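Work through the exercises below with the sequence and the model open. Try each task before reading its solution.

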Amino acid sequence: MTNMIKILIVNMILLITQQLSAKDYDVRDFGAVGDGIFVNSNIIQHAIDYINAAGGGRLVFYPGTYVTGSFYLKSNVTLHIEQGATLLGSTNPWDYVKDPHVGWKSMIFAVKQDNIGISGKGIINGRGFTTANNMVKYIQKGLFDDPLKLDRPNETNRPENIYFRECNNVVIRDITLKDPASWNQTYDQCKNLLVDNIFVDSKSYWNNDGIDVVDCDGVVIKNSYFDTADDAICFKSHDANAICQNVVVDNCTGRSSANGLKFGTASRGGFRNFKITNLTIYDTFRSAITFAAVDGGLIENIVVDGLRSVNTGNVLFLRIGNRWSSGKTPSLQNVTIKNVYAEVPYAKPDAGYNYEGPVEDNPRNISPASIIGLPNMRIKNITLENIEMVYPGRSDTLYAKVGLTSKELDAIPEMEKSYPEFSQFKELPAWGMYIRHADDIHFKNVTFRALEQDYRPAVVMDDVKGASFRGVSFSEPNAQGKNQIFKYKSSGINIE
Amino acid sequence: MKKFFFSFFVAICALNLSAQTDYKASVFGCMSDGITLNTQSIQTAINIISSRGGGMLHFYVGRYLTGTIFLKNNVTIVLHEGATLVGVPSAYDYAGLPGVPKGLIVAHGQSNIGVVGSTPEYQTNMDVIGNGIIEGQGKSVRKSIETQIAKGYLNETIEQASPALISFSECTGVKVTGLMLREAAGDVVTYNDCKNVETAGLLIESKDIAGSNGLVFSKCTGLNVTNNFFNVSGKPIKSSANSKEVKSSDNRTFAGSLSKITK
């Protein structure tokens, strides 16, 4: 793990030095107009092609507002957007292409290019709300073929700000990325990706993720801020034969009307060797961190060290499902989560933000953190250390109740094929942590605090083989003598 | 000659039969404000209309800024009175196709295509010219091209980079009628290896750039050039010797009537 990180850091330093020696070209020299009106796609494309052919360099956008549709970044070219300059997405859906290899639309594409980047303190603003709604009109007129599922165009028919596929040595620094019509930025099967000091404001339309890293190898995301309608920092695995691996996320902050940091949902190949440090998640509707192994892929060797989750609906959700596994067996194991402080609110944490998360899976009281495998696909070897989770309590048995009888516990559905969300099981029988179909779960120095009384125990284990509780404490008003750990069909449970 | 007129008549009938569906440009998001770059909106319109079997794409009064658009099978662009297609003054917004010179409106290997003004009377009234306009902004386009070449960013000759207003190659059943064609950065109308082409009722005015020829054609079969007025810096009509079944009449310049071309 440490070696991997050292190699990553050396690679990233090499990346930065490469980019410092590049020659600068002013985009206005190629005829670009920064008037906020003229569509510069063809001019930008020609400039990139020219710089690429001339051996590389930076295409510099000086202050001004440069409207554009789709264009392709090429090897050895960095887009440098100066403070005061904006790359403004055209609101005309026809100005964007769907790349035939990638199958998505984007403003900035790069496919099979090396040593590329985007830098500068300027802004990339997709104006996705308008573009997406313009697309809706064209679909309704019958001019574009889309089923309008959920009354929105498919994600692949709305432009992202950035989509890089199969690129090596990619640097994204300092920029502000705003308002895409779909996901914001996707790096798909890239090697050596550095994302440093970016600011993401992405809540202008459905599926506005912050960053999607798909099947990449060698990734550092640091010092960045994500305020997003959909998942803030999202790792995916689209390809059953690929994997997302060797990733560092450090010193990032996320706000989301979905999940703060997420593995999945698409998880065909899997995720391994991740180190996530000093992560802050706030005002987030779903989970601070979701681990979803639901499509046959693996999740393993993950360390989360330093998580502050404030006003966030759920702390942790670890899940094995069996959605699109197509013969593979999903796995989720060897995860350490430590140094966590989390506050779960009673009220809706993302109230007031654009594209608030949908109120669903009711009736349920406040959901616990959960580790939920399947009877024959078990989550293994999870360590939770130095953690304090603060819950509101206040559950109402007249509204929703799942007690501790076998009948009630067995009635909790497996939901093997369902889309994974912390809330999917509706009411769960614990207020702090619910664990099912899991082996070797270790708690060290963990505090569960309920601010008001809850009818449920803090921890419920159902079909758990091997668990240890060392230095685990509970705090709940008027609950002296309450048994806060409940075991059901479980064995090898060691409580100290 | 009779045989030619008959085949021409058949071609015109075919044009009218298949081009009956009408589409307004605004349906596809085209903006008449003169500043919105409509290239991809117009192109999308053409693609959709062609894929649905063809029809007329109608532009009503306004200025429609655009770069190169590629005309496709069975699509006719109709420019109504006051409607102007305006060429964008940017070197990199023009394209050709392999073997086809750059143009504002380009077609290669397409059949039953047209760019027409809304006025049908040109066939009976000598004085009527088209209502719709294609404004090439040749001087500005040429300036952009020359600047980019001088900077070394554009690796083409001025001639290669300068778009015609209309550049059709290997097309069959072409109608360019009833329009005002203004100020091209290159030649105004060019046909290469096209069959059954009607070019009539055009006012062609292109003097800002030196050597802008009005109508340039080669290797064409069945070309009707009638009732056009030329005010150009180059030759009104420039043809290579290898075209067949060419009929020309009532074509004029300020200097007087052009002599008939008969081949």
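## Exercise 1: Survey chain B

Chain B has four helices and 24 strands. The model is a predicted one.

**Task.** What percentage of the residues of chain B count as buried? What share of the contacts with a separation of 6 or more comes from residues 24 or more positions apart?

**Solution.** 
1. Take burial. Chain B has 263 residues, and 56% of them count as buried.
2. Take contacts. Consider those in chain B with a separation of 6 or more; residues 24 or more positions apart account for 62% of them.

## Exercise 2: Read a helix

**Task.** Check the span of helix α3 (residues 138-151) of chain B. Then find which residues of α3(B) are buried, and what covers them.

**Solution.** 
1. Compute the span. α3(B) has 14 residues, and at 1.5 Å a residue it should span 20 Å.
2. Compare. The end C-alpha atoms are 20 Å apart, which agrees.
3. List the buried residues. They are G138(B), V141(B), R142(B), S144(B), I145(B) and Q148(B).
4. Look for the cover. What lies over the buried residues includes β7 (83-87), α4 (158-161) and β17 (203-206) of chain B.
5. Step past the end. G152(B) follows α3(B), and its phi is positive, near 85 degrees.

## Exercise 3: Trace the parallel sheet of chain B

**Task.** In what order do the eight strands of the open sheet in chain B lie? Which are the edge strands?

**Solution.** 
1. Write the order. It is β1-β3-β6-β10-β13-β16-β19-β22 (chain B), and the pairing is parallel.
2. Find the edges. β1 (22-24) and β22 (244-249) of chain B each pair on one side only.
3. Zoom in on one pair. β10 (residues 111-117) and β13 (residues 172-177) of chain B pair in the parallel sense over five bridges.
4. Name one bridge. V115(B) has V176(B) in β13(B) as its partner.

## Exercise 4: Explain an enclosed strand in chain A

**Task.** Why is strand β22 (residues 261-267) of chain A described as largely enclosed? Which strands are joined to β22(A) by bridges?

**Solution.** 
1. Count burial. Seven of the seven residues of β22(A) are buried, so the strand is largely enclosed by the rest of the structure.
2. Take one neighbour. β20 (residues 233-237) of chain A runs parallel to β22(A), joined by four bridges. Here I233(A) stands opposite L261(A).
3. Take another neighbour. β23 (residues 270-293) of chain A is joined to β22(A) by three bridges, also in parallel. Here F263(A) stands opposite F291(A).

## Exercise 5: Describe the contact between the chains

**Task.** How many residues does each chain give to the contact? Which element of chain A gives the most?

**Solution.** 
1. Count. Chain A gives 17 residues and chain B gives 18 residues.
2. Assign elements on the chain A side. β2 (35-39) and α2 (41-53) of chain A give two or more residues.
3. Pick the main contributor. α2(A) gives the most, with four residues.
4. The chain A side divides into eight nonpolar, six polar and three charged residues.

Key:
Residues numbered from 1 in each chain as written. Chains lettered and ligands numbered in written order. Predicted model: local features only at pLDDT ≥ 70, side-chain atom pairs only at ≥ 80, totals over all residues. Expected span 1.5 Å × (residues − 1). Buried ≥ 20, exposed ≤ 12 C-beta atoms within 10 Å, placed from the backbone. Contact = placed C-beta atoms within 7 Å. Nonpolar A, V, L, I, M, F, W, Y, C, P; charged D, E, K, R; others polar. Pairing = 2+ DSSP bridges.
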